[in-house]
Amino acid sequence: QSTWGNIPSRDPMVRLLVFLCLVVAAVFAQTQKPCYSTRGSAICENLGSDCVRVPIEGGQQRIEWPMKQHTITFPCKFSTPPVVIQSIKGDNNKVYGSSLAEVTAGSFTINVQRVDDTETPDTTCTEKYEVCYVAIVV
């Protein structure tokens, strides 16, 4: 019979206790930690694709660039809502408009839309664009 230290590993209560401890540890690892030693955060977050592909007749697709709303969770929770300075990073030849919709101590919500308005617009999708931000408690 195998053992863990002096505890028989076949004991179902021991296995249940170990399982519950692992679940609790995983939940705590995923919760947002408080920002005790920092007054700010600077990071870039991937927002995914900047377009929506809409199926049309004949197996074709129409590409649209709707306004998308993204909620970004800070890596730690601030004591008060921070000041957020953000910028959208994508392909160099594409233009994005953005605005902050809400800022809390734990996250911010941003509205982003591609707004290319040039003589020869690039009508391809960007599969990976990012919001880069600095969040500072003043």
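This short report looks at the disulfides in the predicted model above.

## About the model

Because this is a prediction, local features need pLDDT of at least 70 and side-chain atom pairs count only at pLDDT 80 or more, while totals for chains, interfaces and linings use all residues. Residues are numbered from 1 along each chain as its sequence is written, and side-chain values use heavy atoms, leaving out hydrogens and water.

## What to look for

A disulfide is a covalent bond between the sulfur atoms of two cysteines. Here it is taken as a pair of cysteine sulfur atoms within 2.5 Å. How many disulfides does the structure hold? There are two.

## Cys44 and Cys132

Let's begin with Cys44, which is joined to Cys132 with an S to S distance of 2.1 Å. This pair links distant parts of the chain, 88 residues apart: Cys44 sits in strand β4 (residues 40-48) and Cys132 in strand β12 (residues 129-136). Strands here are DSSP runs (E, at least two residues), numbered from the N terminus.

The torsion about the S-S bond is about 110°, so this disulfide is right-handed. Is each cysteine buried (under 20% relative accessible area), exposed (over 50%) or partly exposed (in between), using a 1.4 Å probe and protein chains only? Cys44 is partly exposed at 38%, whereas Cys132 is buried at 18%.

## Cys51 and Cys125

Now find Cys51, which bonds to Cys125 with an S to S distance of 1.9 Å. Cys51 lies in the loop between β4 and β5 (52-55) and Cys125 in the loop between β11 (107-114) and β12, so the pair ties together parts 74 residues apart in sequence.

This link is right-handed, with 105° about the S-S bond. Cys51 is buried at 6% relative accessible area, and Cys125 is buried at 13%.

Notes. Helices (H or I, at least four residues) and strands (E, at least two) are DSSP runs, numbered from the N terminus.
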